[in-house]
Amino acid sequence: MWMKAIVITSGILISEAIWQMYNAYKRSRRKAVSDGKARHKRKIFEVMFFSKESARCRPHIDLNAPCGRKDCAVEHLRKLVQYLDSATETLDVCMYFFTCPLLATAIVRAHKRGVLVRMVVDESMARNGDSQATKRFYHNGIKPKMKQLDTLMHHKFAIIDKALLITGSVNWTMSAFFGNFESLFVTNEQAAVMPFVNEFERIWTMLDSINAEQSNAVTNTNINSNSNTGKDTLT
């Protein structure tokens with residue numbers, strides 16, 4: 001009898017623990033959504049600069065304490081992560097080259113919490129077999145579309161919830177953030193955001209069309225090959 005009571009009590013405790021965890025998750029998601037909406041509602045005009053002096057910031061990238069520099073590259077990266085973490089619906093990234101692990105992790109987090117993530121990168125990313133960011137994206141179900149044209153896909157921008165724009169000269173790589181003279185601009189001014197939203201949709205649709213044409217070409221080639229093989233056999 002006492003064993004039955006222990007089993008029942010354990011079941012109740014486990015159920016209560018699961019219920020509390022579920023409620024905590026719902027509260028955290030509501031807060032994230034609320035924070036994201038609040039961030040998008042207030043006017044945002046933020047400029048970030050990087051330079052060769054940013055290399056001095058890199059040693060404290062794993063520390064919580066900032067270095068105190070006016071344009072601390074680590075602080076800028078943390079802000080970018082916060083912006084990416086604020087995404088609640090969509091995250092569109094159009095980037096020439098992307099290897100930064102911190103930002104890659106933030107994008108994967110967005111994907112895992114249900115945000116629709118779409119990425120366009122230059123085909124040079126596909127040739128960079130050592131890119132841990134690329135491997136991480138594919139491993140977690142994010143499949144960046146590669147530009148397959150005879151010109152560079154040299155854009156560097158991201159759009160959060162079609163309401164916040166991050167753009168500038170910098171590729172999202174550690175060497176760019178911690179060694180180059182670069183700049184980033186963050187804004188939720190719709191007059192600036194919407195042209196980039198339209199540009200991303202144009203590129204995404206164009207790549208869809210190119211991929212469909214290539215797929216059809218391969219299919220037709222296989223059909224013709226099989227047809228010719230059948231004729232040779234009959235002959």
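E201 is partly exposed, with a relative accessible area of 27%; that class lies between buried, under 20%, and exposed, over 50%, using a 1.4 Å probe and protein chains only. This is a predicted model, in which local features need pLDDT of at least 70 and side-chain atom pairs pLDDT 80 or more, while totals for chains, interfaces and linings use all residues. Residues are numbered from 1 along each chain as its sequence is written, and side-chain values use heavy atoms, with hydrogens and water left out.

Back to E201. Its side chain meets that of R118 in a salt bridge, at 2.5 Å from N to O. By salt bridge I mean a side-chain nitrogen of Lys or Arg within 4 Å of a carboxyl oxygen of Asp or Glu. The pair links distant parts of the chain, with E201 in helix 7 and R118 in strand 3 (residues 116–121), 83 residues apart. Helices and strands here are DSSP runs, helices being H or I with at least four residues and strands E with at least two, numbered from the N terminus. R118 counts as buried, at 12% relative accessibility.

The next bridge joins K145 and D208, whose closest N and O atoms are 2.1 Å apart. K145 lies in strand 4 (residues 145–146) and D208 in helix 7, so this pair ties together parts 63 residues apart in sequence. K145 is buried at 14%, and D208 is partly exposed at 37%.

Which ring does the charged end of K145 sit over? The ring of W204, 3.8 Å from its centre. R118 also lies over the face of W204, at 5.2 Å from the ring centre. The rule asks for NZ of Lys or CZ of Arg within 6 Å of the ring centre and within 35 degrees of the ring normal.

Now the aromatic pairs, of which the structure holds 6. Rings of Phe, Tyr and Trp (its six-membered ring) pair if their centres lie within 6.5 Å; planes under 30 degrees apart are stacked, over 60 edge-to-face, and the rest tilted. Y96 and F97 have ring centres 6.5 Å apart and planes at 50°, so that pair is tilted. For F157 and F196 the values are 5.0 Å and 70°, so the pair is edge-to-face. F157 lies in strand 5 (residues 156–160) and F196 in helix 7 (residues 190–234), so parts 39 residues apart in sequence are tied together. F157 is buried, at 0%, whereas F196 is partly exposed, at 25%.
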